[in-house]
Amino acid sequence: MAKCVVINHPLIQHKLTIIRDKNTSTKAFREVTNEISMLMAYEITRDLPVEDVVIETPLVETTQKRIAGKKMAIIPILRAGLGMVDGILDLVPAARVGHIGLYRDHETLEPIEYFAKLPQDIQERRVFVVDPMLATGGSAIAALDLLMKKYGVKPENITFSCLVAAPEGVAALQAAHPDVDIYMAALDERLNEHGYILPGLGDAGDRIFGTK
């Protein structure tokens, strides 16, 4: 059964409080988002398979562990997902980066796809889809639909990661894709009538890029 994990590490929770604050600057918001993403990457990669490898230290030959199996890809949902990429790349710099562009129709709250560019060998990779917010779940579901139906990525090779989630979004994503692991830094209270997470942190894209 797929995992649904709230990463409640004290450092993550402390940094999340910083980016929730409306007075946090764009520069600080961007930097702390990267820091949280890096800390979360430690957890979301915990189950990566390892294999034995023989090396020589300066003193002796020894058998040690290294990551085995599928190569990795980080797929941010544009545009806010870009804010999580660098933090993960700090830990897994060899990962490839693809992009899925979706925006939410403010009338229907439904996601609309406008761009997709992925590594050619995406089917052979462990895929980490990232988006700071999991609100209604529409964008995440659409991105995973695209990866599975158009590009043939298996659900067990996909992990979805966000900073803040609403219960409604988690429920919708689990219903649509029950085999995909979900990791979040916080599970918030609810959505408001406009589809925004409460207490949330505002519009992540606007706060990362300094737009309104």
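**View 1. Helix α2 and what it packs against.** The buried residues of α2 pack against α1 (10-20), α3 (85-91), β8 (125-130), β10 (158-165), β11 (181-187) and α6 (204-209). This is a predicted model, where local features need pLDDT of at least 70, side-chain atom pairs count only at pLDDT 80 or more, and totals for chains, interfaces and linings use all residues. Residues are numbered from 1 along each chain as its sequence is written, and side-chain values use heavy atoms, with hydrogens and water left out. Helices (H or I, at least four residues) and strands (E, at least two) are DSSP runs, numbered from the N terminus. Helix α2 spans residues 26-44, and its buried members are Phe29, Val32, Thr33, Ile36, Ser37, Met40, Ala41 and Ile44. Buried means under 20% relative accessible area, exposed over 50%, and partly exposed in between (1.4 Å probe, protein chains only).

View 2. Zoom in on isoleucine 19 and, leaving aside residues up to four places away in sequence, you'll find it touching Thr24, Phe29, Val32, Thr33, Ile36, Leu163, Leu201 and Arg207; contact means heavy atoms within 4.5 Å.

**View 3. Two cysteines, no bond.** A disulfide is a pair of cysteine sulfur atoms within 2.5 Å, and a search of the whole structure turns up zero. The sulfur of cysteine 162 sits 8.7 Å from the closest cysteine sulfur, in cysteine 4, so that's too far for a bond. Cysteine 162 is buried at 0% relative accessible area, while cysteine 4 is partly exposed at 37%.

**View 4. The annotated binding site.** An unreviewed UniProt entry places a "binding site" at positions including Arg79, Pro132, Gly137 and Asp203; such annotations may be inferred rather than shown by experiment. From this set, the lining of the largest pocket takes in Arg79, Gly137 and Asp203, among others. (A pocket is an open set of points on a 1 Å grid over the protein atoms alone, where a 1.4 Å probe fits, with protein on both sides within 12 Å along at least five of seven lines; lining residues have an atom within 4 Å of a point.) Arginine 79 sits in the loop between β4 and α3 and is partly exposed at 33%. Glycine 137 is in the loop between β9 (133-134) and α4 (138-150) and is buried at 3%.

Terms used
Expected span 1.5 Å × (residues − 1).
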